[in-house]
Amino acid sequence: MAWLPITALLAFTLVEAVQFLVRSVLLVELLLSDQSWLVQPHPMWLVAEQLLGLAGMGFFLLSALLWLIWEVMAYSSMTRIEGASWSSSPALVAGWWFVPGLHLVRPIRLMQELWRNAVEESERPSDESPRLLRVWWRLWGLTQGLWLLAWLLTEEPGTIRVDAAADWLFSAVSALAALAAAAVVLSVDRRLKRYSMVQVLPP
């Protein structure tokens, strides 16, 4: 099941990487031009950016759906293990992503629980999460901030260059965040599978 969100996330990464290159060209043209980007756009690059934007949105939604399904299934299977400590029910795992404010805290806590409890009770680490989870979550938070910045700048006149720079940076960070998310799914899923195999093997 993990290969589905991983594939979707890698496809999203590829789209965002290409969009980053396209937006790099647009940003350079804008910075070197004395006139507004909206007055004299380059049709080919603008069309490419719009198409890539639609493709990116599609792969993002697909990745998000598959991620939630995988996370709920993984959390549900692990909560049956005795002796592990869980702070949420499987039914609420997906819901925390949609609660304003808590969506910045709860999802990473649940992922940390999956990682921490996927070993024998005597070997469970402290509350400190592995570096991969921390990098992924910081990149995710940065994408949220950049998206909000780009949206606010779109509403303000005279900020075309800054808006374009924010979009350019957003593409780069989004690609890195999606790549980190794919690595998280792969790492956590492998850890869970190893632990499941240990549980079913006879002593």
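Modeller: Leu10 is partly exposed, with a relative accessible area of 42%; buried means under 20% relative accessible area, exposed over 50%, and partly exposed in between (1.4 Å probe, protein chains only). This is a predicted model, in which local features need pLDDT of at least 70, side-chain atom pairs count only at pLDDT 80 or more, and totals for chains, interfaces and linings use all residues. Residues are numbered from 1 along each chain as its sequence is written, and side-chain values use heavy atoms, with hydrogens and water left out.

Leu10 sits in helix H1. Helices (H or I, at least four residues) and strands (E, at least two) are DSSP runs, numbered from the N terminus. Apart from residues up to four places away in sequence, Leu10 touches Leu179 and Ala182, where contact means heavy atoms within 4.5 Å.

With 5% relative accessibility, Glu16 counts as buried. Neighbours within four places in sequence aside, Glu16 is in contact with Gly56, Ser171, Ser174 and Ala175. From Glu16 to Met57 the C-alpha distance is 9.8 Å, across 41 residues of sequence.

Helix H6 runs over residues 160-200, and within H6 Asp189 and Lys193 are four residues apart, which means about one helical turn between them. Their side chains meet in a salt bridge of 3.2 Å, N to O; the term stands for a side-chain nitrogen of Lys or Arg within 4 Å of a carboxyl oxygen of Asp or Glu. Searching the whole structure gives one salt bridge. Asp189 counts as buried, at 13% relative accessibility.

Helix H2 spans residues 43-78 and includes Leu65. Leu65 is partly exposed at 49% relative accessibility. Together with Met1, Ile69 and Met73, Leu65 forms a nonpolar patch on the surface, and the four share about 350 Å² of accessible area. Patches are made of residues with over 30% relative accessible area and no salt bridge, with like charges joined within 9 Å and nonpolar side chains (Val, Leu, Ile, Met, Phe, Trp, Tyr) within 5 Å. The areas come from the Shrake-Rupley method with a 1.4 Å probe, and for residues only the protein chains shown count as cover.

The structure holds eight aromatic pairs. In one of them, Trp67 and Trp97 stand edge-to-face, 6.4 Å centre to centre with 90° between the planes. Rings of Phe, Tyr and Trp (its six-membered ring) pair if their centres lie within 6.5 Å; planes under 30 degrees apart count as stacked, over 60 as edge-to-face and the rest as tilted. One aromatic cluster takes in Trp67, Trp70, Trp97, Trp136, Trp137 and Trp140.

The loop between H3 and H4 contains Val105 as well. Val105 is partly exposed at 33% relative accessibility. Between Val105 and Trp137 there are 9.5 Å from C-alpha to C-alpha, for a separation of 32 residues along the chain.

Next comes H4, residues 106-117. Its twelve residues reach 16 Å from the first C-alpha to the last, close to the expected 16 Å; the expected span is 1.5 Å times one less than the number of residues. Ten of the twelve are buried, so H4 is largely enclosed by the rest of the structure. Among the buried residues of H4 are Pro107, Ile108, Leu110, Met111 and Leu114, but also Arg106, Glu113 and Arg116.

Now the protein as a whole. It has six helices and zero strands, and along the sequence the pattern reads α-α-α-α-α-α. Of its 203 residues, 41% are buried. Among contacts with a separation of 6 or more, 73% join residues 24 or more positions apart. The protein exposes about 11,700 Å², and carbon and sulfur atoms supply 69% of that area.
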